[in-house]
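Please look through the sequence and the model before reading on.

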Amino acid sequence: MTGVGIHDIAIATGHHVLELDDLAERLGVDPAKYHVGIGQDAFSVPAPDEDIVTMGAAAAKELIDRHGVDGIRTVLFATESGVDQSKAAGVYVHGLLGLPKAVRVVELKQACYGGMAAVQLALGIVARAPHERVLVIAADVARYDVDTPAEPTQGAGAAAILVSADPDLIEIEPAAGVYTADVDDFWRPNDRSTALVDGRLSVSAYVNAFVGAWDDLAEQGGPAYDDIARFVHHQPFTKMAIKAHRKLTQHVGAPFDESDLAIGFTYNRQTGNTYTASLWIGLAALLDLDDDLAGERLGLFSYGSGSVGELITGVVRPDYREHRRTGRVRSLLEARVPLTVDAYRELHAGGAATSEDVERPRVTTAPFRFAGVRGGARHYEASAQPDQQA
């Protein structure tokens, strides 16, 4: 049977950026607390006319522009910051992209794990119908209360993944390791626009899920540790991935070298926490920036608080370098408009979802924008400004 996996991947993020040096100065803390302590440098902040739909659609547009819509009969949208309790965010994207009517669309949620769940569903669909392709979108805005320890771990971004048979980038292997435990490390009740988190418990739950998923992968016949060339982790902040990976090396009796993970941290250090998109943004960085992956096996670990973890492996195709877009994401990150701390906090205060009628100011230069709420319904439109995300 022809292999199934990731054919292409594209990234989008918010219009603005807050440098953590500026936040450190405002709070009177050593910037090293952020750069070294949590392993982050900045985080993206959406403009008032941006949200998970506009970012997800921007990333997906890039894939559609490159590959067309033939064979796409499924759109899976993963998020934990959904804009409606009923209507899937992917339905808005379907309309913005002008996709065919003969498409199923659904939204998936399990904290930051939702993107991996969507990819697994996509792999199953394509394995059954190899002529089909599945568009997976993972998009989130991470929001925490200001003046809390979690504030510097916010962020915003989206990843769009095209899953197909005979993929250009990575062939995903069948074995997967999974782990679930009911813990209250992070959650967001329906009446809150910001998440609640127990930071210490979240780290230990993440580590337990990673080691547990590894053990299950081994039981399912997965590869040996030494047969995996690179690992990419979900990154609420990059230091959390380092802690988890160090624990795994102790568990399997392997040496630990933090530098082995560094390339996969490159984009996430700048976007901040992107929840469901985080792992896939890390994967995009690795594929974009590592020239020595042809034929190598990768380990991809997803974690969603509450908690669910999954570890899969995939083999990078020999000609992956011919299909990557090195420099595109860097340009996107460099194009973000810097915010002062006061401006960021003003946006933060007005960022909660609302069903009240409102018109949003035209700010974003992305392909799509959130126009506002009319008659209680959200409205989106193509941006009339230059497209800086494509």
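1. UniProt, in an unreviewed entry, lists residues 264-335 as "domain: Hydroxymethylglutaryl-coenzyme A synthase C-terminal"; such annotations may be inferred rather than shown by experiment. Over residues 264-335 the chain is 32% helix and 24% strand, with the end C-alpha atoms 21 Å apart. Helices (H or I, at least four residues) and strands (E, at least two) are DSSP runs, numbered from the N terminus.

2. This is a predicted model, in which local features need pLDDT of at least 70. Residues are numbered from 1 along each chain. The chain averages a pLDDT (the predictor's confidence in each residue, from 0 to 100) of 94, and 98% of the residues score at least 70. Over residues 386-390 the pLDDT is below 50. Where pLDDT is low, the predicted coordinates should not be read in detail.

3. Helix α6 (residues 199-219) packs with helix α7 (residues 238-252) at an angle of about 40°, their axes 9 Å apart. Axes are lines fitted to C-alpha atoms, for helices over the stretch in contact, and angles run from 0 to 180 degrees between N-to-C directions. That angle makes α6 oblique to α7, as angles under 35 degrees count as roughly parallel, over 145 as roughly antiparallel, 65 to 115 as roughly perpendicular and the rest as oblique.

4. The peptide bond from G306 to S307 is cis, with omega near 0°. S307 lies in the loop between β12 (297-304) and β13 (308-316).

5. D147 is not a glycine, yet its phi is positive, near 60°. D147 sits in the loop between β6 (133-142) and β7 (155-165). Most residues other than glycine have a negative phi, and most peptide bonds are trans.

Notes
This is a predicted model: local features need pLDDT of at least 70, side-chain atom pairs count only at pLDDT 80 or more; totals for chains, interfaces and linings use all residues. Side-chain values use heavy atoms; hydrogens and water are left out. Contact means heavy atoms within 4.5 Å.
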